[in-house]
Amino acid sequence: MNYIDIITRLKERDTKALEEIILEFNQYVAAIVYTILQGYIDEIDIQGIINQVFFILWEKAEKIDIKDYNDLKPYLGAIARNTAINEKKKITPTVPLDEHILGEINENFSQVELRAILLSALKQLSTENQIILLK
């Protein structure tokens with residue numbers, strides 16, 4: 001595949017050029033996105049992220065410098081990695097909190113109210129901080 005030609009055609013908004021790129025690099029982009037997001041979101045959502053990578057390429061095609069990117073693989077790899085990482089940052093996994101985790105509470109406070117306050121506060125923390133506090 002002549003990358004300079006295909007990048008030039010992509011800059012000229014040739015949809016056939018985009019189709020050729022998708023056929024050539026879909027597996028490569030999918031491997032990157034799956035590696036980063038597998039287990040965090042559903043497979044159908046991962047496919048949406050893969051599609052988003054090619055959409056970003058289409059949108060930013062005119063900014064691709066042929067001198068710097070005479071091969072699309074590293075450029076697409078960077079877009080795929082950054083897109084997947086940004087999507088992963090949007091996901092806020094939570095740790096299921098059971099009331100027995102809180103343990104015994106001093107009788108000076110209403111146990112029910114205090115547990116509700118603590119559970120609410122814990123749920124607002126990141127997963128890592130929840131785990132640290134619970135341990």
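Modeller: Contact here means heavy atoms within 4.5 Å. Keep in mind that this is a predicted model.

Start with the helix itself. Helix α1 spans residues 3–11. Its buried residues are Tyr3, Ile6, Ile7, Arg9 and Leu10. These cover an arc of only 160° around the axis, so they sit on the same side of α1. What covers them includes α2, α3 (43–59) and α4. Just after α1, Arg13 takes a positive phi of about 65°.

Now the packing against α2. Two packed helices are described by the angle between their axes and the distance between the axes. Helix α2 covers residues 15–37. It packs with α1 at an angle of about 130°, and the axes are 8 Å apart. The crossing of α1 past α2 is left-handed.

Which residues make this contact? From α1 come Tyr3, Ile6, Arg9 and Leu10. They meet Lys16, Ala17, Leu18, Glu20, Ile21, Glu24 and Phe25 in α2. By class, the contact has 7 nonpolar residues, no polar ones and 4 charged ones.

One residue of α4 also deserves a look. Thr83 lies in this helix, which runs over residues 72–90. Thr83 has a relative accessible area of 9%, so it is buried. Leaving aside residues up to four places away in sequence, Thr83 touches Ile49, Gln52, Val53 and Ile56.

Key. Residues are numbered from 1 along each chain as its sequence is written. This is a predicted model: local features need pLDDT of at least 70, side-chain atom pairs count only at pLDDT 80 or more; totals for chains, interfaces and linings use all residues. Side-chain values use heavy atoms; hydrogens and water are left out. Axes are lines fitted to C-alpha atoms, for helices over the stretch in contact, and angles run from 0 to 180 degrees between N-to-C directions. Helices (H or I, at least four residues) and strands (E, at least two) are DSSP runs, numbered from the N terminus. A crossing is left-handed if the near helix is turned anticlockwise from the far one by less than a right angle, and right-handed if clockwise. Ala, Val, Leu, Ile, Met, Phe, Trp, Tyr, Cys and Pro count as nonpolar, Asp, Glu, Lys and Arg as charged, and the others, Gly among them, as polar. Buried means under 20% relative accessible area, exposed over 50%, partly exposed in between (1.4 Å probe, protein chains only). The arc is that of the directions from the helix axis to the C-beta atoms.
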